[in-house]
Amino acid sequence: MILSALLTSVGINLALCFLFFALYSILRKQPGNAGVYAPRLVAHGKSQERGDFSLERLLPSAGWVRMAWQPSEDELLSVSGLDGVVFMRIFIFSLRIFTFAAVIGVFILLPVNYMGDQPSLDFTGVQNKTLETFTISNVGDGSNRLWIHFCAVYAFTMFVCCLLYFEHAYISAKRLACFCSSKPQPQEFTVLVRSIPVTSGRSVSNTVESFFTEIYSSTYLSHNVVRRTSKLKNLINDADNLYGKLVRLRSGNGSEQRFKRTGFMGLSGRRVDLLEQYEKQLEDVEDNVRTEQSSVAMKEVRAAFVSFKTRLGAAIALHIRQGINPTEWTTERAPHPQDVYWPFFSASFTRRWICSILVIVAFTVLTVLFLIPVLIVQGLANLDQLEGFFPFLKSILRISFISHVVTGYLPSLILQLFLYFVPPIMVVFSSIQGYVALSEIEKSACIKVLWFSIWNIFFANVLSGSALYRFSVLLEPKEIPSLLAVAVPGQATFFIAYVVTSGWTGTALELVRFMPLISSFMQRKFCGSSNDELEVPSIPYHGVIPRILFFGLLGVTYFFLAPLILPFLLVFLCMGYIIYRNQLLNVYVPKFDADGKFWPIVHNSTIFSLVLMHIIAIGIFGLKDLPLASSLTIPLPILTLIFNNYCQRRFLPAFKTYSAESLIKKDGDDQNNPTMSSFYEELATAYQDPALVPVRYSTNGERINSPLLGIPEP
């Protein structure tokens, strides 16, 4: 692809970004859109809507950028929790890395690549040159200028490792500081016990109480046995839906008419009063809920949340094997009550193991099937191949602007559309693997999306040509560096366009929130809903973090191969930093907090990117007839893996559990805390399944109450 084709793609995406920024700055000022662009503030009663008309509401402005930039990290911590802080540290970490890389890449490596073997720079006709001119491929074989690239690889690796160490230390210290300054949390005093052995004639509850009272007599506090409540939850959902219909009918804001006919499409049959019908149905469902709640006590699952009086007591129970048989009385860390994922508690060990195998198979099948859109994308990127498949389009494809759009913009756009469905699918895969915490599901989905992206976007595109030949080469590991050295530089153009399309436009699209905007408009127009029914979203870390890390992999890999990608990457990171700060402050509310456990994923991804860069460097220096540089690069991946092993031993334990010193200190502070007695009372019922909470719907007169929903009387 010539440079003008890339500039066409950049121009299209830049125009879209400015359009989205202008739309957002106007739409956020409009009355009624606060629930779309500031739902967190609306939920906390902090949104200030102005009903009077002014010309300022119709003019775009950049005031939101200043408001997103101003809050400190401590303010962000109070709003979004430690996960939000770690999420923004990913942007800061990446900006530091690629600012350093851009200085070396753009001001040193890029001129060297462009000059090739020429004695001086010549910018004549630069817009018609291919992008290969700006890559390491333009440097002649055996050229001494390749030693500049060699030194750059070493300098960049040392800088990234030092920065990774200090960032890991900072987040570990931040995590410990948050723990030491936090109020007592239920999950700190509780462990989840599974595979409880039950003898005939005894309940799970009696077995748990007698076991832990005997072994942990001084620290055991209480327990909550898990029960099968799927049927009960379905009944409560039905009741909630009926209650919502009643609220809309009584308020008179809904599009539903009170009287309808029972026949086809409400055009025939007898005329019925929907209000009376829904009230009768609600009474029937309420009776069924009470009946099921009374019988669910007998539907015990061999799992229980066991709470202790101290954090140290819970930690001892967590890390010590409880029974002689290692498959019984198994313990694991309890999630926060709001973080519990209830559906999979009734699954046996065998079922969880089978589901894990099925998820691996399904993930593999999806990965293989995704090669189809990858091949389509590669076909669009190759104009000659596209003309061969569709000869009747040859005259159209010969138009300069059309060919630039088809080869420069369209491939990355199509790939991005296919990738839109991947994160939700990975959440489904993770949810059936047996995790009992929503945070663990999201963390697992994040890892799946990341590796799916690395394989299907990076390796599949790089190795898409001559597939059978590539596969035969992969069977010989010693040929992998040479294979990557040949294939990776050739895809620099596609990945630059992908950063611009997915990074720039995709991030700007996050700001506008088109789907919630349309949904809010439709609800106001046809359902008469208000902010009382507002559901505040949580940020989908499993979709956003893998994209940042994948762009980081592209930046690290192409740092010395095609440094032209670095300025585009820096623009994405700057946009993402401001936009996601704005979203965290105004839009998203965390439903749970994983205590910064996403950071080890960032660390591992960065190490993988560095090692991949080293392997490609070994191959590229070998192909460029510089065997000494290739040999001297071999220690780099070894040293990087040694550094990774040190970091794993130094920092990873702090992300898995807290030290006994920290736990004892916190327990000592609790002895002087007058609120601990009330906390223990709340802890006794903290892990009760929400479906077991009594629900009552009253339809007397004009009043309807729903303790479950908490919706006020209209």
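This is a predicted model: local features need pLDDT of at least 70, side-chain atom pairs count only at pLDDT 80 or more; totals for chains, interfaces and linings use all residues.
Colleague: Happy to. Why are helix 6 and helix 26 called roughly parallel?

Modeller: Helix 6 (residues 146-181) and helix 26 (residues 635-656) pack at an angle of about 5°, with their axes 10 Å apart. The cut-off is 35 degrees, and the two helices are therefore roughly parallel to each other.

Colleague: Which residues in helix 6 and helix 26 meet?

Modeller: From helix 6, V153, Y154, T157, C161, L164 and Y165 are among them, and from helix 26, the residues include L636, F643, Y646, C647 and F651. By class, this contact has 15 nonpolar, four polar and two charged residues.

Colleague: What makes Y165 and Y646 a stacked aromatic pair?

Modeller: A pair of aromatic rings is described by the distance of the centres and the angle of the planes. Rings pair if their centres lie within 6.5 Å, and planes under 30 degrees apart count as stacked. For Y165 and Y646 the values are 6.3 Å centre to centre and 20° between the planes, so the pair is stacked. Y165 lies in helix 6 and Y646 in helix 26, so the pair ties together parts that are 481 residues apart in sequence.

Colleague: Why is the pair of F458 and F459 called edge-to-face?

Modeller: Planes over 60 degrees apart count as edge-to-face. F458 and F459 have 90° between the planes, with 5.1 Å centre to centre, so the pair is edge-to-face. F458 is buried at 0% relative accessibility, and F459 is buried at 14%. F458 and F459 also belong to a cluster linked by ring pairs, including W455, F494 and Y498. Across the model, the count comes to 50 aromatic pairs.

Colleague: How do you know that C162 is too far from C161 for a bond?

Modeller: A disulfide needs cysteine sulfur atoms within 2.5 Å. The closest cysteine sulfur to that of C162 is in C161, 7.1 Å away, too far for a bond. The sulfur of C178 is likewise too far, at 9.4 Å from its closest cysteine sulfur, in C180. The count comes to zero disulfides.

Colleague: What makes C178 count as buried?

Modeller: Buried means under 20% relative accessible area, and C178 has 18%, so C178 counts as buried. C162, at 44%, counts as partly exposed.

Note on methods: Residues are numbered from 1 along each chain as its sequence is written. Side-chain values use heavy atoms; hydrogens and water are left out. Axes are lines fitted to C-alpha atoms, for helices over the stretch in contact, and angles run from 0 to 180 degrees between N-to-C directions. Helices (H or I, at least four residues) and strands (E, at least two) are DSSP runs, numbered from the N terminus. Angles under 35 degrees count as roughly parallel, over 145 as roughly antiparallel, 65 to 115 as roughly perpendicular and the rest as oblique. Contact means heavy atoms within 4.5 Å. Ala, Val, Leu, Ile, Met, Phe, Trp, Tyr, Cys and Pro count as nonpolar, Asp, Glu, Lys and Arg as charged, and the others, Gly among them, as polar. Buried means under 20% relative accessible area, exposed over 50%, partly exposed in between (1.4 Å probe, protein chains only). Rings of Phe, Tyr and Trp (its six-membered ring) pair if their centres lie within 6.5 Å; planes under 30 degrees apart count as stacked, over 60 as edge-to-face and the rest as tilted.
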